[in-house]
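Thanks for coming. I have one model to show today, and I will go from the whole chain down to single residues. Please have a look at it first.

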Amino acid sequence: MAIWTFLLALLLLASPFLQVARCQSDSDAEVVEGGGDLGIVGEDVQDFGDGSFGPAPGVDTVCVFPKNAGRLVPAGEETELLVGVANEGESSLNILAIKASVYLPFDRRMLVQNLTVQAFNNASVPASTQAAFPYIFAVNKYLQAGEFDLVGTIIYEIDQHPYQSTFYNSTIEVVEAGGFLSIESVFLVTLGIALLGLGGLWIYGQIQHLSKKTKRTPKVEVGTGTTDASMDEWLEGTAFAQSQSNKSKKKK
């Protein structure tokens, strides 16, 4: 666990200082200064076999995407990652190359694209030491945005025996060039905004409806009052009844 923690810290610290070569050709290759002469000599310089060999004992690898925690890969544009190697063996190992491939996420047998094979020259990791190596790749610019599986492998040799270790075996998010959101992400954001808008309109309508109810005044009927028959019988023969009778006679 301590080795993995140290490797992650090493990669994060080394990422701003590593000068990464764009693997185009032997004549365009640049030299990376990082604790020794690390020459990136280009792509597809050497045939590294069919990859049937496995990892060497005592060799651990880890991978980070510098300043790209979301592992977003713009289609057609270069993406950088750093590969950390910890050599806990007794012999020095020589780094030969880094390569990677893209597969469909639901079926690893469906190869989408073989990415750049980046070869190294004079790149070694002595026993009981750690080192970080840059790798730059670009997926096809016509690749549809979405999730894909990326399998990255670092190839090295110890005492002239070849080995390889898988440093990355997980998903990446391919996005359109110049964008940071996939079509699915844009759709979900748009849908969320639309739902929020509809919810706001519904709440506004309910508030308006309640305010109209509170402002509504009760109807008051104005008309000729009627006298209850039982009340007339009770008042019959009293002074009040006589005065009412006199008033009605005067009106006539």
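The protein exposes about 16,600 Å², of which carbon and sulfur atoms supply 56%; accessible areas here come from the Shrake-Rupley method with a 1.4 Å probe, and for residues only the protein chains shown count as cover. This is a predicted model, so local features need pLDDT of at least 70 and side-chain atom pairs count only at pLDDT 80 or more, while totals for chains, interfaces and linings use all residues. Residues are numbered from 1 along each chain as its sequence is written, and side-chain values use heavy atoms, with hydrogens and water left out.

Of the 252 residues in the protein, 34% are buried; that means under 20% relative accessible area, with exposed being over 50% and partly exposed in between (1.4 Å probe, protein chains only). There are four helices and twelve strands, taken as DSSP runs numbered from the N terminus (helices H or I, at least four residues; strands E, at least two). Among contacts between residues at least 6 apart in sequence, 69% join residues at least 24 apart, a contact being heavy atoms within 4.5 Å.

Leaving aside neighbours within four places in sequence, Ile 95 touches residues including Phe 120, Val 125, Phe 133, Ile 154 and Tyr 156.

Strand S6 covers residues 93–104 and pairs with S7, residues 107–114, in the antiparallel sense over four bridges; pairing requires that DSSP finds at least two bridges between the strands. A hairpin of two residues joins S6 to S7, and the bridge partner of Ser 101 in S7 is Asn 114.

In the loop between S5 and S6 sits Glu 90. Is Glu 90 buried or exposed? Glu 90 counts as exposed, because its relative accessibility is 82%. Its C-alpha atom is 9.9 Å from that of Ile 158, 68 residues away along the chain.

Last, helix H2, residues 183–215, contains Leu 195. Leu 195 counts as exposed because its relative accessibility is 53%.
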